[in-house]
Each structure stands twice: as C-alpha cells, then as structure tokens.
Amino acid sequence: AYLPYLSPSDIDGATDIVDLPYDLDGAPLVTGDAVVYSAGGGTPVGGLVDGGTYYVVMTGPHSFRLAATKCQAAPTTGGCPGAVLQTIDLTPSAATGRGHSFVRQGTQPPGDPARALGIRVLTQAPGTVYGVAVVANNSDEILAVGASVAVAATAGVGVAGNVNVVTATTDAFIGRAALVNADNTGAAPWQSVTVAAGGRFRQLMVGAAVGGGMAGVAVNAAVDVVTLHTRATIGDAAVVRAADSVLLNAQGSEDITAVSASAGAGVVGVAAAVATIVVHAQAHAVVGANVVIDAGGNVLVRADDDTDLATFAGGLGAGFVGVGMGVAVVSYTKDTRASIGQGSTVDARAQGFSDLFGIPLGSATDTAFPTATQRGLAVVATSSQDGFGMAVSGGGGFVGAAGAVNVTLVPGDTIATIEPNV
C-alpha cells in the first residue's frame, strides 16, 4: 500500500512541474487527463483551489504541469480550434501541510491525513524569553496496523495482533543546590527564569482478522501499554532569582485510538476482537525542599495533563453456528502534581510586567473551570480526561451467540500543594 500524499516540496515553483510520489490507480496519465486537487487540510498551493479540477500536461512518467482547461493542456485535440498551450503558475511556498494530493477525476481524494492516518506536522510555537530558559519538549506520533486473512476449503483461521509498549520521559530541571542568578546585580527588569517540560503522545492502532472455510475462525487483538513522564523540577536547596518572573511548567497530552475488528464465516463461524489501552501518565511541576525563589514579578508552578482515549472492538461470526465477541478495555492512571517543597522560601513581589493567565477560580460549570488573571504566586494542577469505548458483536446462523464487553478504569490524582514551613 502507498500513502497517496505529496508535500509542497514535490512541486518545482520555477518550472511549475508536479512530481507525483505515488502511482494513480488505473492506466498511466496522459496529457489532457483530468485530475482533482486536494490540500488535505492545509493551505492550497498558490495558483490552485482545494477541490478544483485541472488537466495535466505530462513531462515524465510521474510528473506534469497543470492547465485550467483540457484545450489549454492539449490544444491539438479535436474541438479546440485556435487554442494554445497555457499552464498554471504554481507557488508551492504558499502551501502548508503535507497531505496534498491529486487523484483522477471521479475518484475520492484521500482527505486530511491527520484524520485518516494520524500523520501530522507539528510546528513549534515561537516565543521570547529574557533571561534563563530550561526547556524539554517531546512529541511521539505512532501509526500501527495489523491484519490477517485466512480462507480455506476446510478450516480458515485468521489471527492478527497489534501490541505496542511505549515509555517516554521528558525532563526539564535545575539541579540540586544550583545557583541561578545568585548575584542579580544589574539585571534587566524583564529578566526571567523558565523551566518547562512538554510531552505530546498520539497513536492510532488498527487491527483486523478474517477467517473463512468449513470452519472460519478469526481472532484479533490491539493492545497498547503507554507510560509517560513529563517533569519540570527545581531541585532541593537550589537558589533561583529573577528581576521579573520565575515560571515552572509541566504539560502533557495523550491522544490514543485503538480499533480491533474480526469476522469468521463458514459452517461454524467464530470471531473475537479485543481492544485494550493502558496508560500511566505523570505530569509534575515540582519545587524541591529548602529552595529559595526570589522574583520581582510572579512565580508560577503549574502541571497540566489532557487525555483523549477511544477504543472500538467488534466481532462477527456467521454460519450454521455463528459466534461473535467484542471486548474494549480502557485503563488510564494519571498523576498530575504541582508542589513547593518543605522549608522553601518563595518571594513573588508582583511588580513585574505581566499577569498570570488561566488561573482556576476553584469553581466549575457544566463545561469548564472558570479562570482569571493573577499576580504573585500561583500553584496550579489541572487534569482532563475524555474517554470513549465501544464493543459490538454479532452472531448469525441456526445457532447464533454474541457478546460485548466494555470496561473503563480511571484512577487518578490531581494535586496542588505548598508543603509546611514555606
């Protein structure tokens, strides 16, 4: 199988030639053939319109220029009196994303690859830091596909498995007994210290199994075990000074989808599908024990973690005896913690240039936690979970049996604390 996408770098802006990195279904393209362009969720190439129909002027087996009409692409074709070759000026630098595509007219474009295959382009958000910045960022994007098909005259057994075990640790820290701006004489008034860790995990798992024959048996399992640690830390006994603000931030996010399907058909048809996701996610922003933080502006200690999980499991058995089973299991354990350790001294004079935004007010509505701006010291821990599980099954025949099980386990802690003697 191929990925039917091209990036703007596959288009030469000087010659306006598109170098297609994949084969179109059917016979090779010839000059005058119609194609449909899709930007795949990004900004279109300059000169083209998302969803527009164009006509190719072939320059090679997989390369072509584009014309707005068939007569402009192939002026010698019958019915084009007086037509001249005229191609479109392309500006690939105007495009964004890497999910662009061309397909034959009458064929459905593949769409946004972020939705279809989990392919995404991450663009780092720029910012300005005055002073000291200790930053660690990690992003994981995983697509896993497993499939099997077994068909035989007597017994067909199809077994497919998709098992992923992932551990990722993202640490940003100022070490034990470190001195940061210990002598702050002459510091600019906007001087700050930032310690930030960001971890982002996204995965799509798809598994399918088909068995057919006198006895058709299909079994499929998609299993994901993910352990994520995102930590921003100022170590014990450290001294950190800033003329403006000291910011400590740990932010994690998880987005995981698992799909498992199976089908068995025959005189006896048996199908079972299992989708399981187990996540252990930790986001910690920690000021250690006996730390000194002296800030002319604000001090923020913040930990945040957002989780989106979805599982789909389905089994269909058909025959004289048909048995189907679907099982979906979701378990996510979360530990989101923001803390200032025992014996620490924190001075946040709130005389800096900016406010702290998005500080929760300690109340809740049906859809959100209201927030406000603040100056001074804030210790904040926030966590959100959005889970969906579906298990379906079907059994058909003289004897039909079906069962579906959906299990969701959500233990977790969200803690913001200032320890004694601070």
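Modeller: Before we start, a polar contact here is a pair of N or O atoms within 3.5 Å; within protein, one must be able to donate a hydrogen and the other to accept it, and residues adjacent in sequence count only if both atoms are side-chain atoms.

Biologist: OK, and what kind of model is this?

Modeller: This is a predicted model, where local features need pLDDT of at least 70, side-chain atom pairs count only at pLDDT 80 or more, and totals for chains, interfaces and linings use all residues. Residues are numbered from 1 along each chain as its sequence is written, and side-chain values use heavy atoms, with hydrogens and water left out.

Biologist: Which side chain has a polar contact with Thr 307?

Modeller: That of Glu 254, at 2.4 Å.

Biologist: And is Thr 307 buried or exposed?

Modeller: Buried, at 2% relative accessibility (buried means under 20% relative accessible area, exposed over 50%, partly exposed in between, with a 1.4 Å probe and protein chains only).

Biologist: Where does Thr 307 lie?

Modeller: In strand β16; strands (E, at least two residues) and helices (H or I, at least four) are DSSP runs, numbered from the N terminus. Thr 311 is found in β16 too, which covers residues 299-318, and Thr 311 is buried with a relative accessible area of 0%.

Biologist: Switching topic, what's the strand order in the open sheet of four?

Modeller: The order is β9-β12-β15-β18, with parallel pairing (two strands pair if DSSP finds at least two bridges between them).

Biologist: Which strands stand at the edges?

Modeller: β9 (179-180) and β18 (345-348); each has a single partner strand, so one side of each has no neighbour in the sheet.
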